[in-house]
Each structure stands twice: as C-alpha cells, then as structure tokens.
Amino acid sequence: MHNEKLVSLKSMTFYTETVAKISRDWYPKDHIVQQVIKAKQFIDRHFADPIDLDAMALEAFYSKFHFIRCFKALYGRTPHQHLISVRMEAAKHFLETDARIADICYRVGFESVTSFTSLFKKMTSVTPAVYRDRKKAIFKN
Amino acid sequence: MKIKLTSVMVDDQDKALAFYTTILGFAKKTEIPMGEHKWLTVVSAEEQDGVELLLEPLGFAPAQTYQKALFDAGIPLTMFHINDVDKEYERLMKLGVTFSMPPTQMGPAKLAVLDDTCGNHIQIVQIL
C-alpha cells in the first residue's frame, strides 16, 4: 500500500524511482518476502526460548536449505546468525543491570555460560564482565 | 580501528542542532568553539555512548555543490535506524517535517526520507 502511495507521488526523485525499481526487480515474490519477515520477527520475539529453526523452516518452506537461502538473501545472515545476534544485543542490555552474568546467559536463551562468554568475546572483543565494567565506567564519568 | 564518528554537512550549525535535537530527538554530545564554526556532535538519546554525528559546516564550496546534487536527486546523505517507521513518520509529520518519500517497504526494510532543513535528505529505516 505504501508502494502504491510512492508510485502515485507527482514528482518522483531519482532516489524514489530507484527504490521502486529495486523493490520491483529484487523482491518480486512478495509472499516469500513476507514469510521470511514473519520467521525473522518470530526469532525477534522468542529469542529467549529454545527455538527450533528446523521446525520453523519446514513450516513455511519446502526445505530448511531453501529457508536459510531466502533468509540470507534478505537479511545478509543466516537465521542462526540472526538468533545469536539478537541474543547478544539482549545480553548487552542486561549487562547494564546488576544481574549475574550466568543468569543473563540463560535469560537470553543460551544454555552454557562457557559458550556464551566465548561467543560474546568473539563478537565484541571483550568478555561480558569487561563489557559491564566499561559501561559502568562510561556512565560514571 | 573503530568507527566512532560520522558526519552530515549542514548549512547552519545552530539551526541543525535545533532540528537534530528538538525534532529528531538526538542529544548534544560535544560543542567546542572553533572560530567561525564549532566542533558540534550529537548522539542517539538511546545510545549516548554510541557513534557521534558531527554537524559539519559547509565551509568548502565543492561540498555545497555535492550536497545540492544529492538533495536535488532525493538521495539521502545518511540514514538512521528506527524501531517503527510508520509511528515516527506520523510523529514527525505532526511536527511539520516534510518527507520526499513516505514509509515504503523495500524487501525486508521499511524506509522513509525526510528533509532535515539543513540541505539534506535523511532516510529513516526499520528492518522488518
């Protein structure tokens, strides 16, 4: 509906024309786009739960490989990478509270503190404890 | 190496500060007088230790040509992330902000483009 509004604009700029062209040429199969968006939003809402990505894929797509391919084409990362990223963002938020690091780990959906710590360090280059200390120092100053 | 700062060129720093804080909702981070102009940055109110946005004066004539060419083509100089483009569009419209592109879905993103009154189109984007 918004795209129709865009097309009906009296004076389209080079940019609005480009956006309309990309929408038309790159995202022609709207039902697939909507299915992938729905799956991604499910991950966003339920990241803290044990999410079965295989089940999610099979529900909406013929195969999990097709689902992963479509997801990556739209978001530039696999559903699993997205899930990890959402959990990490939530963990960063909770690290600004006084909650115990182990509790944060389970609260955002990880099952092992060791793997959580090592993934956190890989993605932010510091451990959760150091991240928390740095945040505290910033807000103290 | 870290990305700590990015910039938008503005035709008037005081006017820009008013628009980016009062209308868009950013917070002023740094203001250092430097003769005719100043080192002036804002940050997201939600991420005050995040990347700073420099409101950069247009002291270099070719930069004005570049800014005008982008503006005339409707091309956003930069983009900001938002949780709900439709809601923000309604909020900004009520504040009198003009848009060259209303909320428009492009694949997994919803975009809108506004006029920052300082010579730039700015895109707001929501990842769906």
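This report describes the annotated region, the chain contact and the nonpolar cores of a predicted model.

## Basis of the model

Residues are numbered from 1 along each chain as its sequence is written, and chains are lettered from A in the order in which they are written. Because the model is predicted, local features need pLDDT of at least 70 and side-chain atom pairs count only at pLDDT 80 or more, whereas totals for chains, interfaces and linings use all residues.

## Annotated region of chain B

An unreviewed UniProt entry lists residues 2-127 of chain B as "domain: VOC", and such annotations may be inferred rather than shown by experiment. Over residues 2-127 the chain is 26% helix and 44% strand, where helices (H or I, at least four residues) and strands (E, at least two) are DSSP runs numbered from the N terminus.

## Contact between the chains

Chain B gives 16 residues and chain A gives 19 residues to the contact, with two residues in contact if their C-beta atoms, placed from the backbone, lie within 7 Å. On the side of chain B, strand 6 (99-106) and strand 7 (109-115) each give two or more residues, and strand 6 gives the most, with seven residues.

## Nonpolar cores

A nonpolar core is a set of buried Ala, Val, Leu, Ile, Met, Phe, Trp, Tyr and Cys residues joined through C-beta atoms within 7 Å, buried meaning that 20 or more other C-beta atoms lie within 10 Å of a residue's own. The largest core has 14 residues, of which V10(B), A16(B), Y20(B) and L55(B) touch the most other members; helix 1 of chain B supplies its largest share, four residues.

Apart from this core lies another of eleven residues, among them V19(A), A112(B), L114(B) and I124(B).

Methods: A residue is buried if 20 or more other C-beta atoms lie within 10 Å of its own, exposed if 12 or fewer, and partly exposed in between; C-beta atoms are placed from the backbone.
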